[in-house]
Amino acid sequence: MDYRLTDAQKALKKEYDDFFTEEMKNAPAVFQTEGALESAYGTDEGWEFNKYMKKKLAEKGWLTMAWPKEYGGREAPLIEQLLFSESHSYHRAAGIDGFGVGMFAPTLMLYASEEQKKRLLPPIARGEVQYCQGWSEPNAGSDLASLRTTAVKQGDYYVVNGQKTWTSAAHRADRMFLLARTDPSQKRNAGLSVFNVDMSWPGIEVRPIKYMNGVHFYNEVFFTDVKIPESERIGTENDGWKMTRDTMNFERSGAGSYSALKRSLEELIEYVKTTRRGGQLLSEDPMVRQKLARLYVDIEAGRAHSYKIAWLQEKGNLVFSPAAASESKVFSSELTQRMATLAIEIMGLYGPVEHSKWAPLGGSMIDTYQSCIGTNICAGSNEIQRNIIAWVGVGLPRFK
């Protein structure tokens, strides 16, 4: 398959790259050392810069360029959105609400009523709202279907009680897309429904879950007799699992992770080309060269797979095989782990140093090294993803 870009696409990619190169000069220093999400949501200065960038991107129409015009998009080819995502991730840029733009909005386009689409999608396209994801619970993470938060129908409202955990950016969010049990008599994935929730409603409490280094990105969210209007239920009651499966696909299919890895690999290559050990440049060590070459090949393979997923999305009108999304999630998260591990090995005793002039590459690699195990677990653990690949992608029988 030929992935070469047309002249017009090359010009568009250059426009994206030039924009991010210039704008990210104004980014707080945290964007050079912390992960992208921690940078955008973990500090007040990072959050303010994230909001600034979101508005800039919305004004250019880049947040939602592939969306229908009636909902705030430009109906651009999906390849243009893909090129944008690659450039955005490569430059470690801010301004994208991955929960609203990347996950909930496509779900709305597939399942929401026309009234809900016209009401909920344009504010996302204009960068006016921030979403978070109300899925995981203390006893329902990768096994999401076992969740216990209830939404009991009372007249024109649902009354919600329960707890969510590991809720990314809930302390910054205006809204949440919530998965709750609307029929407690049904088990597992039956009897679940999806809701659009305003985080300012009475009865919602957000408590921080801080990293060991004090960074605040995750949260617990408690619901105590929260009244959600029936008009905020998305799709048919008790049919929430189907749309949640599609939302999972959008979460796990991103192409940007490979661009971010490409940027890290380029920095690591520059490091070995300029660093000596034992009187020899690290780049002259055949083992170092071989390991870096393997990373390069894997990144290119992942990038090719991300283009395939974009093609599947376009072909299926946003609906595509969960096996493809799971493949991307497993490969990209474990490739990130391999990258971080190799980088720390190459850097030797300096590798674990952070927040110091002695920290190689500003300590960015040790930050990734410390967090990459969590990446293999979040968004559905890789063990769960391998089951999906086996069952859906390969057609193997499910275990009893």
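Begin by selecting Cys132, which counts as buried because its relative accessibility is 0%; buried denotes under 20% relative accessible area, exposed over 50% and partly exposed in between, with a 1.4 Å probe and protein chains only. Then select Cys372, likewise counted as buried, at 2% relative accessibility. How many disulfides does the count come to? The count comes to 0 disulfides, a disulfide being a pair of cysteine sulfur atoms within 2.5 Å.

The model is predicted: local features need pLDDT of at least 70, side-chain atom pairs count only at pLDDT 80 or more, and totals for chains, interfaces and linings use all residues. Residues are numbered from 1 along each chain as its sequence is written, and side-chain values use heavy atoms, with hydrogens and water left out.

**The nonpolar cores**

Select Phe31, Trp67, Tyr131, Leu179 and Ile234 next; within the largest nonpolar core, which has 58 residues, these touch the most other members. A nonpolar core is a set of buried Ala, Val, Leu, Ile, Met, Phe, Trp, Tyr and Cys residues joined through side-chain atoms within 4.5 Å. Helix 6 (residues 100-111) supplies the largest share of this core, 6 residues. Helices (H or I, at least four residues) and strands (E, at least two) are DSSP runs, numbered from the N terminus.

Centre the view on Tyr131. Leaving aside neighbours within four places in sequence, Tyr131 is in contact with residues including Asp97, Phe99, Gly100, Phe104, Arg175 and Asn196, where contact means heavy atoms within 4.5 Å. A second, separate core of 20 residues includes Tyr258, Leu335, Met339 and Met347.

**Aromatic pairs and charges over rings**

The count of aromatic pairs comes to 18. Rings of Phe, Tyr and Trp (its six-membered ring) pair if their centres lie within 6.5 Å; planes under 30 degrees apart count as stacked, over 60 as edge-to-face and the rest as tilted.

Display Phe31 and Phe49: the ring centres are 5.5 Å apart and the planes stand at 70°, so this pair is edge-to-face. Phe31 belongs to helix 2 (residues 30-33) and Phe49 to helix 4 (residues 44-60), so the pair ties together parts 18 residues apart in sequence. Both residues, Phe31 and Phe49, are buried.

Proceed to Tyr41 and Trp47, whose ring centres are 5.6 Å apart with planes at 35°, so the pair is tilted. Tyr41 and Trp47 are both buried.

Which residue has its charged end over the ring of Trp62? That residue is Lys60, 4.9 Å from the ring centre. A charge sits over a ring if NZ of Lys or CZ of Arg is within 6 Å of the ring centre and within 35 degrees of the ring normal. At Phe222, the charged end of Arg207 sits over the ring, 4.1 Å from its centre.

Select Ser283, in the loop between strand 10 (280-281) and helix 10 (286-315). With 13% relative accessibility, Ser283 counts as buried. Apart from neighbours within four places in sequence, Ser283 is in contact with Val272, Lys273 and Arg289.

Within helix 10, select Ile309, which counts as buried at 1% relative accessibility. The C-alpha atoms of Ile309 and Ser328 are separated by 8.7 Å, the two residues being 19 residues apart along the chain.

Finish at helix 13 (residues 382-394), where Asn382, Gln385, Ile388, Ile389 and Ala390 are buried.
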